[in-house]
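Dear colleague,

I am handing over a structure for you to look through, and below it I have set out what was found. Please keep the sequence and the picture open while you read.

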Amino acid sequence: QPQLVESGGGLVQPGGSLRLSCVSSGSIFERSAMGWYRRPPGQGRELVATITDGNRTLYGESVKGRFTISRDNAKSTSYLQMNDLNTEDTTIYYCHDMNWDAWGQGTQVTVSS
């Protein structure tokens, strides 16, 4: 079972950018499809983006064109570059190893002026 540790969250103004990182340990990272999810207040879990072991990507409708998922297998890390952030992006973001169904502890993103 891999251990996933997210980082990079914080407070940013509307229109700003953040890059989240998810470091994985305890598994063969390059074989796993990875994902980022979030849970907006009062809502269920929402897909943000996924990336396969072959680098095919998929995005949720609300983030298309603003967010980019990537991975660096040499560093066992997946990234979520978030641009043009707005207040509706405020929530906790979770990293997910889709092969193992493993989750990180989450990192808080707050978009506010």
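A disulfide, as the word is used here, is a pair of cysteine sulfur atoms within 2.5 Å. Please bear in mind that this is a predicted model. The structure holds 1 disulfide, which joins C22 to C95 with an S to S distance of 2.0 Å. Because C22 belongs to strand β3 and C95 to strand β9, the pair ties together parts that are 73 residues apart in sequence. The torsion about the S-S bond of C22 and C95 is about -75°, and the disulfide is therefore left-handed. Since buried means under 20% relative accessible area, C22 counts as buried at 0%, and C95, also with a value of 0%, is buried as well.

Both cysteines are also in contact with S78, whose other contacts beyond four places in sequence include L20, F29, M34 and W36. S78 lies in strand β8, which spans residues 77–82, and S78 is buried, with a relative accessible area of 1%.

In soluble globular proteins, nonpolar side chains tend to be buried together. Here the largest nonpolar core has 23 residues, of which W36, V48, F67, L80, M82 and Y93 touch the most other members. Strands β3, β4, β5, β7, β8, β9 and β11 each supply at least two residues of this core. As for V48, the residues that it touches, leaving out those up to four places away in sequence, include W36, L58, V63, F67, L80 and Y93.

With best wishes

Terms used:
Residues are numbered from 1 along each chain as its sequence is written. This is a predicted model: local features need pLDDT of at least 70, side-chain atom pairs count only at pLDDT 80 or more; totals for chains, interfaces and linings use all residues. Side-chain values use heavy atoms; hydrogens and water are left out. Helices (H or I, at least four residues) and strands (E, at least two) are DSSP runs, numbered from the N terminus. Buried means under 20% relative accessible area, exposed over 50%, partly exposed in between (1.4 Å probe, protein chains only). Contact means heavy atoms within 4.5 Å. A nonpolar core is a set of buried Ala, Val, Leu, Ile, Met, Phe, Trp, Tyr and Cys residues joined through side-chain atoms within 4.5 Å.
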